[in-house]
There are 2 protein chains.
Amino acid sequence: MAMSLQHVLEARRRIQGFIHTTPVMQSLHLNERTGSDLFFKCEHLQKTGAFKARGAANAVFALSDEKAKTGVATHSSGNHGAALARAAQLRGIPAWIVVPENALSSKKAAIRHYGAEIIECASTLDARESSLAALVKDKQCQVVPPYDDALVIAGQGTAGLELTEQVDHLDCIVAPVGGGGLLAGCVLAADGKIAVYGAEPAGADDAYRSFQAGVRVDSHKPTTIADGLRTVLGVSNFEIIQSSVKDILLVSEDEIIDAMALLWTRLKQVVEPSSAVTLAAVLRNPDVFRGKRVGLMLTGGNVDIGDLPF
Amino acid sequence: MAMSLQHVLEARRRIQGFIHTTPVMQSLHLNERTGSDLFFKCEHLQKTGAFKARGAANAVFALSDEKAKTGVATHSSGNHGAALARAAQLRGIPAWIVVPENALSSKKAAIRHYGAEIIECASTLDARESSLAALVKDKQCQVVPPYDDALVIAGQGTAGLELTEQVDHLDCIVAPVGGGGLLAGCVLAADGKIAVYGAEPAGADDAYRSFQAGVRVDSHKPTTIADGLRTVLGVSNFEIIQSSVKDILLVSEDEIIDAMALLWTRLKQVVEPSSAVTLAAVLRNPDVFRGKRVGLMLTGGNVDIGDLPF
């Protein structure tokens, strides 16, 4: 069954007791600079510090009691892991998170804070997947994928849904694309009424290349500071994105860091590099967004403040 | 005439078209850690990135047209300077700001952004005052002092007034004390109904010593990262603080930096060191605040993100 706005509305009913309705912020300076009306959706103020709390909660609370009782597992560079750990803790079931050894210490600390067990592995997709498979065989638990999953996509879409309700007459929404959970969810939430753009680091441009070619790129070697966007675009995510996203816009590493600095100094918000690709895309493409009312997803705020790129 | 809540209410009527009503934030983690219900008043999200926008606007818009036309001047390490520059720009009059040579570049940039002229001087109080006196003689302009002024105190108090309206049944308010404008303003806003505490760096403890001795300390050699709190307590500020503040709590430099890191990582807010002394004071004095509903002033968010203490 094709996914639609209906799935996002169901997700919202399921998770609304477990997540924050995050605020929307504006900056006069950034509006003047871009010639646009920019509305920043503050998912870095979401529980666990990222929008991932939404999709994980939707997946965990959709499980039957029978399936839930043996617990849940995933592999994650951080934000999805903390989100799944929290959702499992709320439901009172165990959680195991496979984490690449180069994950940020702040993200690992968050996973432990919510009572999940961390299993470290090498930082390749192969190592992550084989570690997870071994774990699931051992524990007989349910896998909650980070993005390539209908329940996760619908859950992430609730961020977009909220934004469309908080801001009247949006012309477009810009969301980062890594695995594509949030971007696909925003497409569903926009329901064909608002243009949706993806923003992606040029150093991890698998979604861009997939979108241009019409065929999903299924592996790549990302090099980007945006640690949340190093994953490969998911299969179901690609289908939704390919059919309905207006465009995918690439940004350089310097543009990401400059946009991140603007978000810190102008909005006064601690956001991670992945959050900054949307503003970077708007700054790089003024002609696309000038005069428009633009919703930008700030996806997360989990950074090691002792190790910043400024 | 003694100052009262009435002056704060007048200030609010005068400035409300020119300032933001800033949000109040909470953190479950920080509540659990302190055993208190903490309400952070986000003045770092105020226009100019600091509460100083309030007092400066009140002083500038209270001037008669006759007095206003020759412009305004002050000396400031940064936030009051930007605030006065903005207020003057809004009123359409010139502004000159005497700035110590060691002021943060981010704060000087903000002053220039609002169209004021910067006059640099040595970083002593004497140099600041003599530079300002020479300027005023030359330009025949009005001085708007950074804190020792009834209109400025009343303006800063509007931040406390908003907080009492946004949060029901506050038990206490904690505000940083440098020159004492915000702390004195909060005393007026609290109107004897809410306990008001000052929080001060131990390395700039003139208000603490003044409060303990009952006699204002009129000079000191501050050594603190909290650049907004290096000034000496004002005369009128001391009178209000001495009569009605419950206590002044000292914090160490390490405690300020630790609290600042918590505000960055837990609230995800970019705040300057001066903003962190209030949380540092609550963390250092758990017995004073346990079980209480505590309003904490986050005073500003103007930091050089390339030069952080983490």
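**Reading the model**

Axes here are lines fitted to C-alpha atoms, for helices over the stretch in contact, and angles run from 0 to 180 degrees between N-to-C directions. This is a predicted model, in which local features need pLDDT of at least 70 and side-chain atom pairs count only at pLDDT 80 or more, while totals for chains, interfaces and linings use all residues. Residues are numbered from 1 along each chain as its sequence is written, and chains are lettered from A and ligands numbered from 1 in the order in which they are written.

**Two helix pairs in chain A**

Let's start with H1(A) and helix H3 (residues 52-62) of chain A, whose axes come within 9 Å and cross at roughly 80°. Helices are DSSP runs (H or I, at least four residues), numbered from the N terminus. The two helices are therefore roughly perpendicular, a label for angles of 65 to 115 degrees. On the H1(A) side, A:Ala11, A:Arg14 and A:Ile15 meet A:Arg54, A:Ala57, A:Asn58, A:Phe61 and A:Ala62 of H3(A). Two residues are in contact if their C-beta atoms, placed from the backbone, lie within 7 Å. This contact of H1(A) with H3(A) has five nonpolar, one polar and two charged residues. Nonpolar covers Ala, Val, Leu, Ile, Met, Phe, Trp, Tyr, Cys and Pro, charged covers Asp, Glu, Lys and Arg, and the others, Gly among them, are polar.

Helix H5 (residues 79-91) and helix H6 (residues 105-113) of chain A pack at about 10°, with axes 8 Å apart. That makes H5(A) roughly parallel to H6(A), the term for angles under 35 degrees. Here A:Asn79, A:Gly81, A:Ala82 and A:Ala85 of H5(A) meet A:Lys107, A:Ala110 and A:Ile111 of H6(A).

**Domains of chain A**

Chain A is assigned domain 1 (5-52 + 149-298) and domain 2 (53-143), with bounds from an automatic or database domain assignment. Their centres, taken over C-alpha atoms, are 23 Å apart. Domain 1 of chain A brings 24 residues to the contact and domain 2 of chain A brings 19. On the domain 1 side, helix H1 (5-15) and helix H8 (150-166) of chain A are the elements that give two or more residues. H8(A) gives the most, with seven residues.

**A buried alanine in chain B**

B:Ala184 lies in helix H9 (residues 181-190) of chain B. B:Ala184 is buried, with 36 other C-beta atoms within 10 Å; a residue is buried if 20 or more such atoms lie within 10 Å of its own C-beta, exposed if 12 or fewer, and partly exposed in between. Not counting residues up to four places away in sequence, B:Ala184 touches B:Ile153, B:Asn237, B:Ile240 and B:Ile241.

Definitions and conventions: Angles under 35 degrees count as roughly parallel, over 145 as roughly antiparallel, 65 to 115 as roughly perpendicular and the rest as oblique.
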